[in-house]
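Subject: Structure to look at

Hello,

Here is the structure for you to open alongside this email. My notes on it follow below.

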Amino acid sequence: MSDDLFLKIIRREVPADIIYETDEVLAFKDLNPQAPLHVLIIPKIHIRTINDIDDEHAELVGKLFLAAKDIAKKYAMSQSGYRVVMNCNGDSGQTVFHIHLHLLGGRALGWPPG
Ligand code: 5GP
C-alpha cells in the first residue's frame with residue numbers, strides 16, 4: 001500500500017494543505033477544488049473503497065463525519081450548509097483508492113450531482 005497517494009500525504013511525502021488532524025483522521029484541501037471550500041477527510045489506515053469497510057471500521061468511519069462537522073463549524077458553514085460525499089468505484093468517479101469524504105461548501109450546491 002506504499003504507493004497510495006493519500007498514505008504519502010499522511011507521511012508528508014507529498015505536500016498538502018492540511019487543516020485537521022487526529023491520531024486516526026487527516027483532512028486537507030483538495031488540489032482541484034469544486035467549491036470555495038473543498039476538503040478531503042481520510043482515515044490514516046488504508047481502506048480502498050466503501051466496499052472494503054468492515055464492522056471493525058465503523059467507529060473510524062463515524063469519525064470522518066465528526067471531522068466534517070468540526071471543519072464545517074470552523075469555516076462557519078454549519079448553518080449555511082455544506083455537502084459530504086464519498087465516491088465508490090468507476091461510475092462514481094472515484095480516482096484515488098483510499099476512502100475519503102469530500103466536504104464541499106461556501107456556495108449553493110446543485111442537486112442532483114452530475
Ligand atoms: P475521488 O475522485 O477519488 O472521489 O476524489 C479524489 C480527489 O483527490 C479529487 O477531488 C482530486 O482533485 C484530489 N486529488 C488528487 N490528487 C491530489 C493531490 O495530490 N493532493 C490533493 N490535495 N488532492 C488531490
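Read from the N terminus, the elements of the protein come in the order α-β-β-β-α-β-β. That makes 2 helices and 5 strands; helices (H or I, at least four residues) and strands (E, at least two) are DSSP runs, numbered from the N terminus.

This is a predicted model, in which local features need pLDDT of at least 70 and side-chain atom pairs count only at pLDDT 80 or more, while totals for chains, interfaces and linings use all residues. Residues are numbered from 1 along each chain as its sequence is written, and side-chain values use heavy atoms, with hydrogens and water left out.

Overall form: the C-alpha trace spans about 35 × 30 × 30 Å along its principal axes.

The ligand: 16 residues lie around the ligand, and Lys29, Asp30, Asn87, Thr95 and His102 come nearest. A residue counts as near if one of its heavy atoms lies within 4 Å of the molecule. This shell holds 7 nonpolar, 7 polar and 2 charged residues. Here Ala, Val, Leu, Ile, Met, Phe, Trp, Tyr, Cys and Pro are nonpolar, Asp, Glu, Lys and Arg are charged, and the others, Gly among them, are polar.

Which residues make polar contacts (pairs of N or O atoms within 3.5 Å) with oxygen atoms of the ligand? Among them is aspartate 30, with a polar side-chain atom 2.5 Å from a ligand oxygen. Histidine 102 has a side-chain N or O atom 2.8 Å from a ligand oxygen, and glycine 93 has a backbone N or O atom 2.9 Å from one. Taken alone, the ligand exposes 520 Å², and the protein buries 83% of that (Shrake-Rupley method, 1.4 Å probe). The elements that give two or more residues to the shell are α1 (5-10) and β2 (25-29); α1 gives the most, with 3 residues.

Two backbone details: most residues other than glycine have a negative phi, and most peptide bonds are trans. Arginine 12, in the loop between α1 and β1 (18-21), has a positive phi near 65 degrees. The peptide bond from tryptophan 111 to proline 112 is cis, with omega near 0 degrees. Proline 112 is in the segment after β5 (101-105).

Regards

Technical notes:
Polar contact = N/O pair within 3.5 Å; in protein donor to acceptor, adjacent residues only side chain to side chain.
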